[in-house]
Amino acid sequence: MSANIVYAILVTSLATFLSRFLGVVSSQGIKEKSKLFRWFNCLAYATLAALIARTIIFPAGVLVDSTYFSRLIVVLLSLFVFFISKKNYIYPTIFSAICMAIINNYI
Amino acid sequence: MINKKFFFRGYRSILTHDSPAIALTCCFIAIGALFKNLGFNIQESIFSTMLTYALPGSLVMAESMLIGASLFNIFLAVWFVNARLYPMTVSLFPLMMHKSQPKWKYYFSCHFIAVSAWLIMRSNYKQIPKKHRIDYWIGIGSATVSVSVLGTYIGFSFSDYFNKDMMIGLAILNPVYFLCMMVGASKTIQITLSVALGIILGPVIYLFSPEWSILLAGVIGGTIAYLVGEHSVS
């Protein structure tokens, strides 16, 4: 293994584990039914939703090569499939990948 | 030690009809292919998935390496993007803490905190006795990491056969899956509002502060949702 890549992996792992570890340390004094727990619950859901929205609207990686329009159409159509399939998670997920590949090929 | 019955019950949770296994595998297929393009070998790719086990962090590392960033810059960039794991941990671990369980299980298993495992645990924890939730959680985490490693291996091995459109198709799959799970989990006013505000504020704040956008959107959106929810209950 090249040293640079190994160091980058170790640094990435450390930066990732730090937030998780601090989370466990903080969790020890928090009761399941406390207001503080409910607040953190809201923070977690809002943070995840922000991450998902940012990934779709301002993507990183290969998604950069697709258009806003194609991503928006795929997400809206997938949500439509999600609701008509009685909130099944798999159908819209598979649909999104196929739909995105097809749209990206033609747009 | 770990209760085998609950561990395997957690491990099998990814085999259900609404499991994240397919989405997770496809995302790590994309990551495996990306690692190969970056010059990683198979050991480094799997090592990275096992040790980091967080997609956005891996993507940031890959992009930082592409532009030749220093190790310190990689650390800061990954820490910022993965700071979301802190509220996720604090909103999950109090549900699993039990005085009869040794603390090492909590410090060890916090490594499994990631969106898929977190969402599975959140939707199933009420069916598990509190004493054994940590064993169930370790089962979920081991299963999701196994699937991620498998995906990385497949992506690395078959990257030459994927064209650009297929890679883009694989990349959209993860946010769509998570979005559906979040919409499905929105059953109370606090969670529904948290999700809605996060979706709106995340991209808006990104225009002004890309590094802090996720955290700020989470704190502002989550706090407003919490206050509105508490007010409506009272």
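This is a predicted model: local features need pLDDT of at least 70, side-chain atom pairs count only at pLDDT 80 or more; totals for chains, interfaces and linings use all residues.
The predictor gives the complex an ipTM of 0.86 and a pTM of 0.84. For chain B the mean pLDDT is 88, with 99% of its residues at 70 or more.

Now turn to the place where the two chains meet. Here 71 residues of chain A are in contact with 87 residues of chain B. On the chain A side, four helices each supply at least two of the touching residues: α1 (3-27), α2 (35-57), α3 and α4 (90-106). By class, that side of chain A divides into 45 nonpolar, 18 polar and eight charged residues.

Two helix pairs let you look at this meeting of chains in detail. Packed helices are described by the angle between their axes and the distance between those axes. Take α2(A) with helix α12 of chain B, residues 213-233: their axes come within 7 Å and cross at roughly 135 degrees. Because of that angle, α2(A) counts as oblique to α12(B). The crossing of α2(A) past α12(B) is right-handed. From α2(A), the contact draws on R38(A), W39(A), C42(A), L43(A), Y45(A), A46(A), T47(A), A50(A), L51(A) and R54(A). Facing them in α12(B) are S213(B), I214(B), L215(B), A217(B), G218(B), V219(B), G221(B), G222(B), A225(B) and Y226(B). Sorted by class, the residues of this contact are 13 nonpolar, five polar and two charged.

The second pair joins α3(A), residues 68-84, to helix α10 of chain B, residues 164-185. Their axes lie 10 Å apart, and the packing angle is about 45 degrees. That angle is why α3(A) is described as oblique to α10(B). Here too you will find a right-handed crossing, of α3(A) past α10(B). If you want to find the contact on screen, pick out R71(A), V74(A), V75(A), S78(A) and F82(A) in α3(A), which meet I172(B), V176(B), L179(B), C180(B) and V183(B) in α10(B). These residues divide into eight nonpolar, one polar and one charged.

Next, step inside chain B. Helix α8(B), residues 115-124, packs on α9(B) at an angle of about 145 degrees, with 10 Å between the axes. α8(B) passes α9(B) in a right-handed crossing. The residues that touch are S116(B), A117(B), I120(B) and M121(B) from α8(B), with W137(B), I140(B), G141(B) and T144(B) from α9(B). This contact has five nonpolar and three polar residues, and no charged ones.

Finally, look at R133(B), which sits in α9(B), the helix of residues 133-158. Is R133(B) buried or exposed? R133(B) counts as buried because 24 C-beta neighbours lie inside 10 Å, where 20 or more are needed. Leaving aside residues up to four places away in sequence, R133(B) touches L95(B), M96(B), Y125(B) and I128(B). One of these, L95(B), is 38 residues away along the chain, yet its C-alpha atom and that of R133(B) are separated by 8.0 Å.

Terms used. Residues are numbered from 1 along each chain as its sequence is written. Chains are lettered from A and ligands numbered from 1 in the order in which they are written. Axes are lines fitted to C-alpha atoms, for helices over the stretch in contact, and angles run from 0 to 180 degrees between N-to-C directions. Angles under 35 degrees count as roughly parallel, over 145 as roughly antiparallel, 65 to 115 as roughly perpendicular and the rest as oblique. A crossing is left-handed if the near helix is turned anticlockwise from the far one by less than a right angle, and right-handed if clockwise. Two residues are in contact if their C-beta atoms, placed from the backbone, lie within 7 Å. Ala, Val, Leu, Ile, Met, Phe, Trp, Tyr, Cys and Pro count as nonpolar, Asp, Glu, Lys and Arg as charged, and the others, Gly among them, as polar. A residue is buried if 20 or more other C-beta atoms lie within 10 Å of its own, exposed if 12 or fewer, and partly exposed in between; C-beta atoms are placed from the backbone. pLDDT is the predictor's confidence in each residue, from 0 to 100.
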